[in-house]
Amino acid sequence: MPLFQLQQITLRYGALPLLDEVDFQVDPGERVCLVGRNGTGKTSLMRIITGEETPNSGELVRTPGTVLTRLTQEIPDGLSGTVMEVIRSGLSPERHEEEWEIDVRLDELVEEMKLPAEQDFTALSGGLKRRVLLARALGGRPDVLLLDEPTNHMDLDSILWLEKYLLDHKVTLFFVTHDRAFLRKLATRIVELDRGKLTSWACDYDTFLERKAIALETEEKQWALFDKKLAQEEAWLRQGVKARRTRNEGRVRALQQLRLERSARREREGKARIELQEGKTSGQKVIDVRDVSFSYGAAPVVSGLTTTIWRGDKIGIIGPNGSGKTTLLKLLLGQLAPESGTVKHGTNLQVVYLDQLRGQINDAKTVAQNVAGDAETVQFQGRSRHIHSYLQDFLFRSDRIRMPAKMLSGGERNRLLLARLFLQPANVLVLDEPTNDLDAETMELLEDLLVEYTGTLLLVSHDRMFLDEVVTSTLVFEGEGRVLEYTGGYEDWVRQRAAFTPVFTTPTEAKPAPIEAKPKGVKLERPRKFLNREKKELAEMPALIEKLESEQTDLMARLGDPELYQKTPDLVATLQQELASLQERTQQAYKRWEELENLRESCEAEA
């Protein structure tokens with residue numbers, strides 16, 4: 001028996017309905033993931049299910065006694081009190097339990113989630129507040145838990161813990177997420193909201209993508225045949241055939257019906273066309289870090305970090321909330337001075353920074369004003385473009401371009417910030433949680449864009465698949481100020497560590513806490529695949545090595561010229577250092593080439 005049913009539900013705000021006579025149900029034990037583009041009505045559907053919003057027509061039917069709880073994308077206003085008081089506010093009056101049973105259960109939940117029970121809720125960081133709200137939702141023991149982007153602002157440890165908790169406790173779920181690894185791990189069924197209609201896909205996410213592509217291709221072919229027939233009938237009518245004749249009246253009526261069907265068709269919106277405006281070429285060495293340390297009071301954030309970031313490197317930064325990822329970015333960018341050690345920048349750096357809080361958006365201004373001010377055009381790739389045309393590439397319809405930014409959804413705000421930032425020429429791109437709230441389709445486009453990007457990338461993200469596809473190496477906070485560097489993305493980091501078990505940390509606002517780990521090892525549940533960025537890196541290796549060896553040859557020729565020692569002897573030591581650096585990088589490139597070839601062969605064998 002279903003826990004709830006939607007019967008012929010319609011919801012509209014404008015001309016086109018967000019929900020168009022949809023039918024849907026969730027049965028006990030299911031974990032249903034709702035997918036769809038930003039702004040299609042996923043959150044509105046959840047609000048209808050919980051009774052927070054009333055549809056224009058249709059009926060919501062719940063099994064008597066069913067408790068539904070929704071974890072929202074945003075942190076609600078007005079919540080105050082201690083952490084335990086906030087968690088207790090989520091208890092359902094429909095659950096009849098003894099007070100001591102409630103106390104024991106909530107104490108165990110707080111302990112398991114490593115939450116500061118007596119700390120004031122308003123003093124917590126955004127990530128920790130999200131975790132408290134999750135505990136409040138779980139503490140009410142709902143029959144159906146509705147999660148709207150639950151992994152937003154959560155660190156990797158928290159995400160992995162949540163996955164395990166939901167699987168172990170067999171919670172019935174209806175959730176929206178941009179985290180494809182989270183989706184793949186949990187979903188037993190996928191429901192897509194597209195152009196007002198709900199379609200259920202009883203399969204895993206990868207199979208859904210394949211079937212969806214086939215369905216869209218079939219739809220396009222059917223529409224092409226329909227449009228061809230309509231055009232033929234319109235041409236017939238224009239030829240002057242006397243439609244009043246009895247033998248033609250049926251054909252005219254059929255043409256009128258075709259016109260009605262065509263006018264009612266809802267076209268699928270085009271794909272985003274996200275482009276970066278790349279800047280001039282930076283120096284080969286972008287950031288040189290030597291023995292850098294920084295702390296907040298007695299708590300070390302970074303201790304003795306030494307690394308070099310070269311042009312074209314794509315660096316992922318991983319660590320729990322509050323560990324100091326943003327502090328590390330500021331140290332690398334020179335916005336914060338280290339307590340000891342040095343940070344040296346290369347030449348010709350053009351840095352563009354997407355901050356996690358999206359603070360660069362002015363809610364009082366329109367979408368267009370946030371990008372172009374009061375101008376009607378923007379300069380992109382050396383040419384002038386109308387602001388409407390430019391924003392349409394980021395999937396903003398004309399009717400939304402002049403609306404206030406405060407009315408945008410989370411995903412639309414993220415796209416708006418990308419549209420604003422990508423107007424600036426950049427050879428160093430710094431992205432702090434860029435995937436929050438983005439739909440999967442836009443995120444994959446951003447992923448492809450970053451893989452092709454020839455500049456340098458610093459990326460803070462908790463999205464495992466995004467890290468795997470994009471970055472070439474990772475800087476990982478390992479506790480007590482240790483920041484270690486690993487080759488590759490998230491899965492590569494897991495493999496390279498001898499032991500890793502995620503556990504919760506309890507960061508504070510003033511003194512970020514280090515990550516903790518227990519040596520239990522990791523079991524990977526699916527075969528390792530050869531990632532897109534690894535394919536690209538492997539393809540570029542021969543050219544890179546040839547370039548490095550050519551530069552070595554040129555340097556050796558200069559060092560072999562007697563005039564160098566006679567006319568500019570001070571330059572000799574510098575050239576010798578450059579030669580040593582080139583030789584080291586060439587050796588590293590050969591080693592990496594061999595690693596990639598072995599990895600490719602291994603992945604092909606596993607497949």
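Asp-291 counts as partly exposed, at 47% relative accessibility; partly exposed lies between buried, under 20% relative accessible area, and exposed, over 50%, with a 1.4 Å probe and protein chains only. The residue lies in strand β10, and its phi is near 55 degrees, a positive value in a residue other than glycine. Helices (H or I, at least four residues) and strands (E, at least two) are DSSP runs, numbered from the N terminus.

The model is predicted: local features need pLDDT of at least 70, side-chain atom pairs count only at pLDDT 80 or more, and totals for chains, interfaces and linings use all residues. Residues are numbered from 1 along each chain as its sequence is written, and side-chain values use heavy atoms, with hydrogens and water left out.

Strand β10 (residues 285-296) pairs with strand β11 (residues 299-310) in the antiparallel sense, over eight bridges. Two strands pair if DSSP finds at least two bridges between them. Within this pair, Ile-287 stands opposite Ile-309 in β11. Two residues separate the strands of the hairpin, where Gly-297 takes a positive phi near 65 degrees.

**Overall make-up**

The protein chain has 19 helices and 20 strands. Its C-alpha atoms fill a box of roughly 105 × 80 × 55 Å, taken along the principal axes. Of its 607 residues, 51% count as buried. The accessible surface of the chain comes to about 29,100 Å², and 49% of this belongs to carbon and sulfur atoms; the areas come from the Shrake-Rupley method with a 1.4 Å probe, and for residues only the protein chains shown count as cover. A contact means heavy atoms within 4.5 Å. Among contacts between residues at least 6 apart in sequence, 68% join residues at least 24 apart.

**Nonpolar cores**

A nonpolar core is a set of buried Ala, Val, Leu, Ile, Met, Phe, Trp, Tyr and Cys residues joined through side-chain atoms within 4.5 Å. The largest one has 51 residues, of which Val-371, Tyr-390, Leu-391, Leu-416, Phe-422 and Leu-429 touch the most other members. Setting aside residues up to four places away in sequence, Tyr-390 touches Val-371, Val-378, Phe-380, Arg-385, Ala-419, Phe-422 and Leu-423. A second, separate core holds 44 residues, including Ile-87, Leu-145, Leu-147 and Trp-161.

Five of the five residues of strand β6 (residues 144-148) are buried, so the strand is largely enclosed by the rest of the structure. In a regular strand the side chains alternate between the two faces of the sheet. In β6 both faces are covered: Val-144, Leu-146 and Asp-148 are buried on one side, and Leu-145 and Leu-147 on the other. On each of its pairings β6 runs parallel to its partner, as the table shows.

| Strand pair | Bridges | Sense | Partner residues |
|---|---|---|---|
| β5 (residues 68-71) and β6 | four bridges | parallel | Leu-68 and Val-144 |

Phe-174 lies in strand β7 and is buried, with a relative accessible area of 0%. Apart from neighbours within four places in sequence, Phe-174 is in contact with Phe-24, Val-26, Val-32, Leu-34, Leu-45, Met-46, Ile-49, Leu-145, Leu-146 and Leu-147. Phe-174 and Asp-148 are 26 residues apart in sequence and 8.7 Å apart in space, C-alpha to C-alpha.

Lys-170 is found in the loop between α5 (156-168) and β7. This lysine counts as exposed, at 65% relative accessibility. Its phi is positive, about 50 degrees, although it is not a glycine.

**Helix α1**

Seven of the nine residues of helix α1 (residues 42-50) are buried, so the helix is largely enclosed by the rest of the structure. The buried residues are Lys-42, Ser-44, Leu-45, Met-46, Ile-48, Ile-49 and Thr-50. Among these, Leu-45, Met-46 and Ile-49 are in contact with Phe-174. Gly-51 follows α1 and has a positive phi, near 85 degrees.

**An exposed loop residue**

Ala-15 lies in the loop between β1 (4-12) and β2 (17-26). It counts as exposed, at 71% relative accessibility. Ala-15 and Gln-284 are 269 residues apart in sequence and 54 Å apart in space, C-alpha to C-alpha.
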